[in-house]
Amino acid sequence: HPDLAAYVERFVLEGQHARLSAAALETLAIVAYKQPISRAQIAAIRGVSADGVLRTLEQRGYVGEVGRDPGPGQAVLYGTTPVLLERLGLDSLADLPPLEEFVPGPEVMDALEQGLRADAAAARNAPPAEEGNAGEEEGTEPAAEEADAADGAGPPLR
């Protein structure tokens, strides 16, 4: 009956609280901030295929096809839908929080890159590990080997 439609709708919709997986949330964030974006671009950012996740997001009405890439292959470009904005309680995409709060600054990135370069260079320039007990005087046994000998296990295999 039309007079009861609002009550029935509320009853049906109240129980629906489907959660999104971490992969879906990650993909949704990429689409929201980088739209319009293709599947290949999403996969390049995430490092894994986004096909299944995009299908799920499309089925729920959070993302949709917004156009075609003019380049070779004319890839489908995805963007968010008004349904997503409504679910998030946003009026527009401009209301999304800025990414700068979550991304380290250039000085931190430079320090991380320098650290990675230094670690890689140190690993390349390190002398090969010597067999045996490096740094110990000849004729002395380490405490661990003495313990093994005391319990009858014998010397460690080399």
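Helices (H or I, at least four residues) and strands (E, at least two) are DSSP runs, numbered from the N terminus. With that in hand, welcome to this structure. It is a predicted model, in which local features need pLDDT of at least 70 and side-chain atom pairs count only at pLDDT 80 or more, while totals for chains, interfaces and linings use all residues. Residues are numbered from 1 along each chain as its sequence is written, and side-chain values use heavy atoms, with hydrogens and water left out.

## The overall plan

The protein has 7 helices and 3 strands. Read from the N terminus, its elements follow the order α-α-β-α-α-β-β-α-α-α. Of its 158 residues, 18% count as buried; here buried means under 20% relative accessible area, exposed means over 50%, and partly exposed is in between (1.4 Å probe, protein chains only). Contact means heavy atoms within 4.5 Å. Among the contacts with a separation of 6 or more, 40% are between residues 24 or more positions apart.

The table gives the angle and the axis distance for each pair; axes are lines fitted to C-alpha atoms, for helices over the stretch in contact, and angles run from 0 to 180 degrees between N-to-C directions.

| Helix pair | Angle | Axis distance |
|---|---|---|
| Helix 3 (residues 39–46) and helix 4 (residues 51–59) | about 120° | 10 Å apart |
| Helix 2 (residues 22–34) and helix 4 | about 80° | 10 Å apart |
| Helix 2 and helix 3 | roughly 120° | within 11 Å |

To put words to these angles, under 35 degrees counts as roughly parallel, over 145 as roughly antiparallel, 65 to 115 as roughly perpendicular and the rest as oblique. Residues in the contacts also fall into classes: Ala, Val, Leu, Ile, Met, Phe, Trp, Tyr, Cys and Pro count as nonpolar, Asp, Glu, Lys and Arg as charged, and the others, Gly among them, as polar.

Take helix 3 and helix 4, which pack at an angle of about 120° and are therefore oblique to each other. Helix 3 passes helix 4 in a right-handed crossing; a crossing is right-handed if the near helix is turned clockwise from the far one by less than a right angle, and left-handed if anticlockwise. Helix 3 brings Arg 39, Ile 42 and Arg 46 to this contact, and helix 4 brings Asp 51, Val 53, Leu 54 and Glu 58. By class, that gives 3 nonpolar, no polar and 4 charged residues.

Next come helix 2 and helix 4, with an angle of about 80°, so helix 2 is roughly perpendicular to helix 4. Ala 23, Ala 24, Thr 27, Leu 28 and Val 31 of helix 2 meet Val 53, Leu 54 and Leu 57 of helix 4. This contact has 7 nonpolar, 1 polar and no charged residues.

The axes of helix 2 and helix 3 cross at roughly 120°, which means that helix 2 is oblique to helix 3. Their crossing is right-handed. Helix 2 takes part through Ala 23, Glu 26, Thr 27, Ile 30, Val 31 and Lys 34, and helix 3 through Ile 42, Ile 45 and Arg 46. The classes here are 5 nonpolar, 1 polar and 3 charged residues.

## A closer look at Arg 39

Arg 39 is found in helix 3, and it counts as partly exposed because its relative accessibility is 25%. Not counting residues up to four places away in sequence, Arg 39 touches Ala 50, Asp 51, Leu 54, Glu 58, Val 76 and Tyr 78. Its side chain makes a polar contact with the side chain of Asp 51 (3.2 Å) and another with the side chain of Tyr 78 (2.9 Å). A polar contact is a pair of N or O atoms within 3.5 Å; within protein, one must be able to donate a hydrogen and the other to accept it, and residues adjacent in sequence count only if both atoms are side-chain atoms. The C-alpha atoms of Arg 39 and Ser 49 are separated by 7.9 Å, with the two residues 10 apart along the chain.

## Thr 80 in strand 3

Thr 80 lies in strand 3 (residues 76–80). Its relative accessibility is 14%, so Thr 80 counts as buried. Leaving aside neighbours within four places in sequence, Thr 80 is in contact with Val 31, Ala 32, Gln 35, Tyr 62, Val 63 and Leu 93.

## Two backbone details

Most residues other than glycine have a negative phi, and most peptide bonds are trans. Gln 35 and Pro 36 are joined by a cis peptide bond, with omega about -5°. Pro 36 is in the loop between helix 2 and strand 1 (37–38). Gln 74, although not a glycine, has a positive phi of about 45°. Gln 74 sits in the loop between strand 2 (63–68) and strand 3, and at 47% relative accessibility it counts as partly exposed.
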